[in-house]
Amino acid sequence: MKTSKVKKANSVPKPSSIQTFLAEAKADKSEVKVADEDEDEDLSGISTVLKYGILGLICLLAFSIRLFAVVRYESVIHEFDPYFNFRTTKYLSHEGFLEFLNWFDDRGWYPLGRTIGGTIYPGLMLSAAVVDWIVKAINFNINIRHICVFLAPLFSTFAAVSSFLLTTEVTKRSSAGLLAAAFTAVVPSYISRSVGGSYDNEGVAIFALIFTFYLWVKSVHTGSMKWSCYCALSYYYMVAAWGGYVFIINIIPIYVLVMIVGGRWSSRLYIAYSIFYTLGSLMAMTVPFVGFNVVQQAECAGSHGVFIVVQIYALLSHLFKIINGKTLRRLATTFAMFCIIAVATILVSLQLMGKLQWAGRSLTLLDPTYASKYIPIIASVSEHQPTTWTSFFFDLHLLVPLAPVGLFFLFSNVSDGGIFLILYGTLSWYFAGVMVRLMLTLAPIACILAAIGLSNVITKFDKPIAAKIHAIG
C-alpha cells in the first residue's frame, strides 16, 4: 500500500516552466495595490454620470480656452513652421501617403530642394489628413486649413483625458484624475504650444506622451500582453509625431532598472517591457526620418542594454527556484560582472569608432555647458537656454508648490505606478531646468503631481471640517 501511494504521488506531473510563469503572473496581478478602504469610491450611476460629465466639461474648457486667437482675429496658421506643416498636409491629403513619402519639394531649401518624406516627422500631417478623409467620407465639406487650425485644441482635450486616465490608474481615485485633467486643460506651458492656428508637432505629441505613459503603467499593473501591445502602438505614434520619443525610450528602461534594484521585480514587468521594447523598436524603424537611428543613436542604447538585463534576470530568477542557491549565486555574480564589462566595452568602442553618436541636444541635457563650449549654434537658440525661476512660475503657476506635495504622498504610499510618476517627475524637473523648451514635457507631470497633492490634502481635511460644520449647525 505504501509503495502504491509513493508511485501515485510520483506520477503526478510537475507543472511546466510556462505554466509556472503564467501562475506567477496571475499571482503578481493580485499583488497590485489598490485604493485604501477609506478611499473607495461610490460606483452608483449618479456618481459615474457626474464624474464623466465633469470630465466632458473639462474637455470643453481645454478646447475653448485655446480659441482666443481664432475668435479675436480669424482662422489662420501662425508662424513659419506651422505654415510649412500645413502645406505638406495639403499635399498629403490630396495626393496620398505614398506620394507624400516620395515627394521632392523643389520650393524648400531653394535651390537644392528637399525630400519631404524622409526629413520630417509625419505624425502631425497624417493625423490632420486622417481627420480630413473621415470628414469627407461622411460628406462634410470642411477646408483642410480649418482642420489644421483646430487640430491642436482638439488634441488638448485628448491630453486632458489621458491625464485623467494616468492619474486614476496610479491613485485609483477619480477625484485626483479630474483635478489632473483640469490642470492639464489650463496649464500655460501647454497652452502656449497648442493654441488654435499653432499647427506644430507638439500639439499632438504631448497627448501621445501622456497616453503612452498611461498604457505603460496599465501594462505593468496588469501584466497583459494586450496592454503592452497598445503601449507599443502609442509609442509608435509618438515616434512618428515628435523627436521627444527619446524621452520615452529612456525613462521606461530607467524605471525597469529602478524596479529591479528596488526589489520589485515581477513577471508583469517582464511581460510589459519585453513586448514594449520589441514591438516599439521594430515599428519605430519604419518611420523614414528615424530609421536605424533606433539602433545607432546613443540615446537609445540604454533600452537595448536593459532588454538584455531583463532577459538575464528573468532566467536567473527561474533558475534560483530549481538549483542550489549558493552555487547559482556565484555563477550569477560572475556572469553579471562579465556582461556589464562586455556591454560597457562595446559601447565605449562604438563611441570611439564613431558608430554610436550622441546628438548635440542630448549632450547638452547631460552637461549644460557642452553646447556653449562645442556647439555654439545650439546654445544660441533662445529655447535651448536654461530656465529661470520666473519661467517656472509663469508657465506652471500654482503647480510649483503643489507638485512637491504630490511627490510626498507618492513616497508615503509606494506603488509600481507611483514609482513611475516619481521618476518621471524628477527627471522632468531636471531637464526643464537645463533647457526652457522642455518645460513642455514637465507640464503634464506637474499637473498630475499637483492633482495628487491637492486631492490628498482635501481628502485628509474634508472629514474633520465637515464634522465641525455639522456640529456647529
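Residues are numbered from 1 along each chain as its sequence is written. Because the model is predicted, local features need pLDDT of at least 70 and side-chain atom pairs count only at pLDDT 80 or more, while totals for chains, interfaces and linings use all residues, and side-chain values use heavy atoms, with hydrogens and water left out.

Me: Why is the pair of Phe155 and Phe158 called edge-to-face?
Reply: Rings of Phe, Tyr and Trp (its six-membered ring) pair if their centres lie within 6.5 Å; planes under 30 degrees apart are stacked, over 60 edge-to-face, and the rest tilted. The structure holds 30 aromatic pairs. In Phe155 and Phe158 the centres are 5.1 Å apart and the planes stand at 70°, so this pair is edge-to-face.

Me: What separates Phe155 and Phe158 along helix H8?
Reply: About one helical turn, because they are three residues apart in H8 (residues 144-171). Helices (H or I, at least four residues) and strands (E, at least two) are DSSP runs, numbered from the N terminus.

Me: What makes Phe155 buried and Phe158 partly exposed?
Reply: Buried means under 20% relative accessible area, exposed over 50%, and partly exposed in between (1.4 Å probe, protein chains only). Phe155 has 8%, so it is buried. Phe158 has 34%, so it is partly exposed.

Me: Why is the pair of Trp265 and Tyr313 edge-to-face, and what does it tie together?
Reply: The ring centres of Trp265 and Tyr313 are 5.0 Å apart with planes at 65°, so the pair is edge-to-face. Trp265 lies in the loop between helix H13 (245-261) and helix H14 (267-284), and Tyr313 in helix H16 (residues 301-319), so the pair ties together parts 48 residues apart in sequence. Tyr313, at 32% relative accessibility, is partly exposed.

Me: How do you know that H14 is close to its expected span?
Reply: The expected span is 1.5 Å times one less than the number of residues. H14 has 18 residues and reaches 25 Å from its first C-alpha to its last, against 26 Å expected. H14 is also mostly covered, with 15 of its 18 residues buried.

Me: Why does Glu202 count as buried, and which side chain does it make a polar contact with?
Reply: Glu202, in helix H11 (residues 202-222), has 5% relative accessibility and therefore counts as buried. The Glu202 side chain makes a polar contact with the side chain of Arg193 at 2.8 Å. A polar contact is a pair of N or O atoms within 3.5 Å; within protein, one must be able to donate a hydrogen and the other to accept it, and residues adjacent in sequence count only if both atoms are side-chain atoms.
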